[in-house]
Number of protein chains: 4
Amino acid sequence: MEKLRAGILGATGMVGQKYIALLKDHPYFEVSYLVASPSSAGKPYREAVAGRWLLGTDIPSRVAELMVHTVDELPHAQKECDFVLACLDTKIAEEWEEKYAAAGLPVVSTASTHRHTSDVPMVIPEVNPEHLDIIPIQKKNHGWDKGFIAVKPNCSIQSYTAPLYALHKKFQLRSAIVTTMQAVSGAGHPGVASLDIIDNVIPYISGEEEKSEREPKKIFGRVEGNAITYDESFNISAHCNRVPTLDGHLATVSFTCETKPTKKEIVELWESFSGIPQELQLPFAPLRPIIYREEVDRPQTRLDRDADKAMAVTVGRLREDPILQWKFVGLSHNTVRGAAGGGILIAELLKAKGYL
Amino acid sequence: MEKLRAGILGATGMVGQKYIALLKDHPYFEVSYLVASPSSAGKPYREAVAGRWLLGTDIPSRVAELMVHTVDELPHAQKECDFVLACLDTKIAEEWEEKYAAAGLPVVSTASTHRHTSDVPMVIPEVNPEHLDIIPIQKKNHGWDKGFIAVKPNCSIQSYTAPLYALHKKFQLRSAIVTTMQAVSGAGHPGVASLDIIDNVIPYISGEEEKSEREPKKIFGRVEGNAITYDESFNISAHCNRVPTLDGHLATVSFTCETKPTKKEIVELWESFSGIPQELQLPFAPLRPIIYREEVDRPQTRLDRDADKAMAVTVGRLREDPILQWKFVGLSHNTVRGAAGGGILIAELLKAKGYL
Amino acid sequence: MEKLRAGILGATGMVGQKYIALLKDHPYFEVSYLVASPSSAGKPYREAVAGRWLLGTDIPSRVAELMVHTVDELPHAQKECDFVLACLDTKIAEEWEEKYAAAGLPVVSTASTHRHTSDVPMVIPEVNPEHLDIIPIQKKNHGWDKGFIAVKPNCSIQSYTAPLYALHKKFQLRSAIVTTMQAVSGAGHPGVASLDIIDNVIPYISGEEEKSEREPKKIFGRVEGNAITYDESFNISAHCNRVPTLDGHLATVSFTCETKPTKKEIVELWESFSGIPQELQLPFAPLRPIIYREEVDRPQTRLDRDADKAMAVTVGRLREDPILQWKFVGLSHNTVRGAAGGGILIAELLKAKGYL
Amino acid sequence: MEKLRAGILGATGMVGQKYIALLKDHPYFEVSYLVASPSSAGKPYREAVAGRWLLGTDIPSRVAELMVHTVDELPHAQKECDFVLACLDTKIAEEWEEKYAAAGLPVVSTASTHRHTSDVPMVIPEVNPEHLDIIPIQKKNHGWDKGFIAVKPNCSIQSYTAPLYALHKKFQLRSAIVTTMQAVSGAGHPGVASLDIIDNVIPYISGEEEKSEREPKKIFGRVEGNAITYDESFNISAHCNRVPTLDGHLATVSFTCETKPTKKEIVELWESFSGIPQELQLPFAPLRPIIYREEVDRPQTRLDRDADKAMAVTVGRLREDPILQWKFVGLSHNTVRGAAGGGILIAELLKAKGYL
C-alpha cells in the first residue's frame, strides 16, 4: 500500500517533533513535508531543529534531511502532501488552517482556533467518531473540494472525558468537579520556566479551565443539520494546576449522574469501553481506551502515562463521594493521547472513513 | 518573666526539629527537655541528631547540648518540664500521651491519636479557641490535676478550614469538594522516597482523606456538657495527592453555603477574619490569619508558603463554580502552621488562658 | 533451544525488579525462581511485591505467580535454577553467595562483597572478558564443581571506565579526575528521601568514591597465576554527588595519558570500540558500547540514558583540558548497564563461553 | 545619615528584583530610580513587574510606586541617582554602562561586558579590594569626573575563588580542576525551560567554562601602572553543569599548590580568612567569608546556600586527592553572593573607600 504523505505544520515545535517521532514507520502515513517559522525555512530539518530537538530518540533520518518550508508556500504543500497535521500557534492557525483546507488539503489540527466552529468536528475517536459526518457539510459551506478541518480537543480533558462519556451514555452525567495536575510539556517548549515550577504548584493555566469545562459539551453533542450542537445536560467545573512533572495530566474527579450507577456498573462500563478505533484496529488505537487499576494508589503520573503506547487513559481509586455520587482519578499522556498521538488517531480514522 | 520549660517528645523527628528551631528565642517558652527513641537516648542532642538534622539553620546551641531521654523517664520529665510538645509516632503517642498528662504535664500533641477523643480539644486557635473549655472536664474525667491533652488537627486541612470557617459562621457551609496537592515534608523523614515522587504525582496518602473530611466537623463543633459535639451540617469530600514540592499544602476548593454569599462578602470575611491569637497578639499569631491575593495565579506553593512567618493561610482565585457556588485556591505551610508552628500557637493560647 | 533457568536472589528490591522486567522474553534465560526476605516468602511474587513494584510496565505474568523463597532454601534453588542473578544486600551476600556457588550454582552478583576477592572476576564484558579465565581457578580453590561467583562493578564507574579503557590500551592512562552526578535510583528503594534531594545536591555517597577509584584498577588488570592482579599504572580521583535525577549517572572527566592522543585519535578509538559481546552479538550487547555525540550539550542524563537499550555509554564534549590533557562528559544508565542489564550481559557472556 | 540613592538598571529582571528586595531597609542605600525595557517604561514598577515578580516576599512598597524609565533617559538618572547597580543584558550593557559613567554616575555591574577591560576592577571584596585603586586611572583614561565602572565576577566562580585565594597567598596555587553543579536561577528568568531540566543534568552552559577558568586570574592579579595584570601562575580547568536546583552553585574542586599544605593548615586558613569588609563591618559582609563544615556530607546546596545572609561560601569534605594534592566541595548562593548581594557589597566597599 502506498503511504499517504503527511505535512507537519509547526514542525520544529514540541508537538511537531512528537508527530515526527511517532510517525516513524507508521503503516499508513509518511512525513513528506515540513513547515516552520521563517528562521527555520530553507534549511534541512536537522539543521533547523539543531539544539532544540527535545526527544531522547534521534530524528528519523529521512525526515532529518527534508527541507523546511514557510507556511505560505502553499503550492509546494499541495504538491507534496496528501493532508497536513497542524500544530501551529493559535494566531498563525487562525490565518492559515482555512487556506490549507481551501487549497484541497485536509487539516488535522491541535490548535484551539476551530474547536468551537460549528461545522468543524472536534474528535476523540473512541467517543464521537460520528462527528466526522459534519465534514461534507463543512466542505459544502466553504465550497471546498477535498480539503477540510478536523480538530483535537485540549490535552487537559483527556484524562476524564472518555471515562465520563462511558457513564454518560447509560446514566446521564449531570455534573463533574475536576482538578487537574498538568505536566510542563503541556505548555510546549520553552513553556514553563524551571525557576517557576521546581518545588512549586502554579494553580492557574491561562484559558485552560474554560476549555476543560466547555469542550466536553461539544464532544458529547450531536451533528444536527448543518452544525454540531452542544450537550448542555451536564456541567463541569475545572481547577487547572501546573505541577513539576514532565509528561502526563492527572485529574481528580467527583461526579453525579442522573441515575446513580453502582461501583460494579462503572467499572464494567470502563473496562468494556471500546470504539471504532478498536473495532478497526487502527494502528494508534490502544487495546482498551480506558484501563481501570485496582491498586489503592494508581494511576500515578510517571508509572501510568505510557500505558498502551501512551494512548490509553488510566483510571483508579473509584470510591463514593460524600457530596456528589462518586470520585476517581484519571490520567492521560498529554503529548501523545493529548496531542500528537491523538492527532494521528484522528487521521487514521479519517483514512478509514475515506476522508483522506 | 520566667520562661515556661517545654519538653519535646519526638525530638529527633522532623516536627521535633522544627519545634526546636522555631522555639529559639521564643518569648514565653524554652526547650528544656528532649525525648527520642532508645537509640538516641543518653546522648547530647547534637550527637543524637547528627546526620539527620534537616534544617539549613544550625541546631540552637543550648539545645544541642541537652541530653536526650527515653519516653519512659517520666520523673525526669516532671522535674524538667512545665509542659510538653508531643510529636510522637501514633503507636507511642497512644501509649504515652495520657501518662504524661496523668503525671501532671500538659500535652500539646500533633499525633492523630486523640483527635476524636470527645473530651480532647482539637484546636486551630483562630477558629475554635473556646474548645479549650473542655479541658477542666477532661481533667475531671481522668482525675488529673494539672495535666491534660490538647491536639492540633491534620496538616492537610489547614489550607481550607479557616477560609471555610470564616464563611460558615455567617452563611452556613453545606458542602466543599477539596483536592489537596501536598508537599513531601508532610510525610516526615525519610517519608516519601525520591524514586517515588520525582516527576510524579501520587494520588493517595494513607488515611489522609478521612482526616481531611472529618476533622473540620469536630473543629466547627461545640463544647456541650462533657463532650465536644460535631457539626454535621456540612460535608467535605477530599482528594489527597502527593506532589514533588518540599513544603506547603495547596488545595483547590469548590463549595456551597446555605445562603450564597457574594464575592465581595467572601473576600471581606476573609480579609477581616481574626481571632483571639490576633487580639492577644500571641507571638506566633500571623497579623491576618487569612491573606487574600488578587493575582490570577496565586497562591503558589513556593511563593506563598512562608507568608507571615509561615503561619498565614493564603487564598486566591475566588470565582464562581458552575456546579457548587464558588471555588478558590488555599495554601498553608504544613510543617509550620500545619505542625510545629500550629502547636506553638496552641501552647501560647493555653498560656494566655491560664492552662499552662 | 531450551532456556536456562535463572533464579533472582533479592527479587523484590529495585535491581531484582529490573532483572525480572528485562528478562521478559529473553532468548537464553527465563526467570524460574525467586528469593526475597522472610516477610515475602511463601507468597506469590505478585503479592510479595504489591505496592512496591516500581516500574511502569506490569509484572511479567508468569513471574507474578512464582512463589517467593527465602535465601536458605538451597535445595529448592538447586532444583529449580541453572544459575542465579544475585542482588542481595551486602551483609546477606557475604553469607550466602559462596553457599550458592558451593551448591553448584553459578552466581552473577551485583553486590560489592566479592569485587576485590582475588579469584573472582569483576567484569565489564566489552572491557575484560578474559577475566573469566579465573573461574576454573576459583572453582579449584574452593573445590567447587559447577558453581562459581562472577561480579559486576559499581554503577558509578560505568560512564567513564569503558571510554578510558579504550584509550588505555593504546595510550596508557595515567590519571583521571572524575566528578559523578548520580541518579537517586542508584541508592535503591526507598533509598534517598525526597526531602533530602528535591532542589538539592548531596556531595557525598557513602563508600562510592573508594569504589570509583579502585574498581577500574582491577578491571584493567590481568589474570596472573591464581589471581587477578591490579593495574596500578594509573590513578583515578573521584568526587561522587547525588543529584535530583531518576536514572542515569553522568560524569565529567579530565584525564592524562602517557602519550597524549589527538582529538581525532580519541574519537576514533571510542567510535570503533567493540568487544566480544558485539562480536558474538549477545542479546543485551549494544551495537556500539560507546556512542560519541558531537552536539555541544550532550550527553544529557534524561535524553541519553536510554541509548541502545540503555546499554551504551554516551560520551561528548571532548575538549582540551588546561591542566590534564583532555576532558569529556560520560553517561550510562545506572540500573540497566550499571546493574541488571550489566548482570545479564555477563550471564550471556558466561553462557557463550560455556560457563553456564 | 543621608542614604545614597541607587538606580537599578535592569530592574524587572531576576537580578534587578533581587537588588530591590535586598536593599529594603539598607543602612547606606535606597532605591531611587529604575530602568527597564521600553515595554515597562512609564509604568509604576508594581505594574511593570506584574506577573513577573519572582520572590516570595512582596515588592517593597516604596519601590513598587516608582516610575520605570528607559535606559536612555540619562538626565533623569543623573538627577535621581548617586550611583547605579547595573544588571543589563550584555548587549545593552555594552552600549550604556560607559555612558552612565561618562554622565558622572558610578556603575557597579553584574554584566560580563567589562570584566576583562584592563582598567576596570572586577572585585570580590574580601579577595581583591585593592583593585579599586585602578578607579582613578580609569577615570583619567576616559576623562571622567565622578563616574566609573566596577564589576562583579561570574556567579560560577564564587564557590571556589575565595577558598583557593586563601591558599594561594601562602602556598601558591598551581592548578585546580573544578566541576560546578549550577542552579537554574543562574540563567535568569525565564532562563532554563523546565522541560529541559527536570530529571536531567545539562553538562554545558554557554561561555561559562571560559569565565570560570579565566576570571580568577584577573582577580588574583595586581594593579600595575595603568592596568590590572593577570596572575598566570596557575590554571583552572572547569566543567560547568546545570542541575535541577533553584539557587546555589556547588563545585567539586581538586587542586595543587606549589608547596603542599597540610589539612590543618588549609582549614585554619579558611576559618581565619577575613577581609576589609569584615574589618569595616560592612552591612552585607558575612561574619566569616568562608565557613568550613566538618560533616561528611556538607555543604549541600539547599541546606547551606543561605549561610550568613547567603553571603558566606561554605566548604567541606577536604580530603587528599590521589592525583592533585587535595580535594573539597564549595558552595555559594548564586543570586545573592554571586549577583545582587555581591554587587551591594562592592557598593558598600566603594562607599567606605570614598568612591561613592
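The legends below describe close-up views of a predicted model.

**View 1. The whole complex and the confidence of the prediction.** For this predicted model, the predictor gives the complex an ipTM of 0.97 and a pTM of 0.97. In chain A the mean pLDDT is 97, and 100% of the residues of chain A reach 70 or more.

**View 2. Chain A beside chain B.** Chain A superposes on chain B, with an RMSD of 0.0 Å, through a rotation of 180 degrees that has 0.0 Å of shift along its axis. Both copies use the same surface, since 100% of the contact residues of chain A recur in chain B. Within this contact, 34 residues come from chain A and 34 residues come from chain B. On the side of chain A that touches chain B, at least two residues each are supplied by strand 7 (173-182), strand 10 (235-242), strand 11 (249-257), helix 12 (301-304) and strand 14 (326-332) of chain A. Strand 10 of chain A gives the most to this side, with 5 residues, and by class the side of chain A that touches chain B has 15 nonpolar, 12 polar and 7 charged residues.

**View 3. Chain D beside chain C.** The same surface serves both copies here, as 100% of the contact residues of chain D recur in chain C. The contact draws 34 residues from chain D and 34 residues from chain C. Among the elements that give two or more residues to the side of chain D that touches chain C are strand 7 (173-182) and helix 12 (301-304) of chain D, while the largest share of that side, 5 residues, comes from strand 10 of chain D.

**View 4. Val84 in the largest nonpolar core.** The largest nonpolar core holds 483 residues, and those that touch the most other members are A:Val84, B:Val84, C:Val84 and D:Val84. When its neighbours within four places in sequence are left aside, B:Val84 is in contact with B:Ala6, B:Gly7, B:Leu9, B:Ala77, B:Tyr100, B:Leu105 and B:Val107. As general background, nonpolar side chains tend to be buried together in soluble globular proteins.

**View 5. Strand 7 of chain B and its two partners.** Strand 7 (residues 173-182) of chain B has 8 of its 10 residues buried, so this strand is largely enclosed by the rest of the structure. Strand 7 of chain B pairs with strand 11 (residues 249-257) of chain B in the antiparallel sense over 8 bridges, and in this pairing B:Ser175 stands opposite B:Thr256. With strand 10 (residues 235-242) of chain B, strand 7 of chain B pairs in the parallel sense over 8 bridges, where B:Ser237 is the bridge partner of B:Ile177.

**View 6. Strands 12, 13 and 14 of chain A.** Strand 12 (residues 290-293) of chain A pairs in the parallel sense with strand 13 (residues 313-320) of chain A over 4 bridges, and A:Ile290 stands opposite A:Val313 in strand 13. Strand 13 of chain A is also joined by 5 bridges to strand 14 of chain A, and these two strands run antiparallel. A:Lys327 in strand 14 of chain A is the bridge partner of A:Arg319, and a hairpin joins strand 13 to strand 14 of chain A through 5 residues.

Definitions and conventions. Residues numbered from 1 in each chain as written. Chains lettered and ligands numbered in written order. Predicted model: local features only at pLDDT ≥ 70, side-chain atom pairs only at ≥ 80, totals over all residues. Contact = placed C-beta atoms within 7 Å. pLDDT = per-residue confidence, 0-100. Least-squares fit on C-alpha atoms with pLDDT ≥ 70 in both. Nonpolar A, V, L, I, M, F, W, Y, C, P; charged D, E, K, R; others polar. Core = buried A, V, L, I, M, F, W, Y, C linked by C-beta atoms within 7 Å. Buried ≥ 20, exposed ≤ 12 C-beta atoms within 10 Å, placed from the backbone. Pairing = 2+ DSSP bridges.
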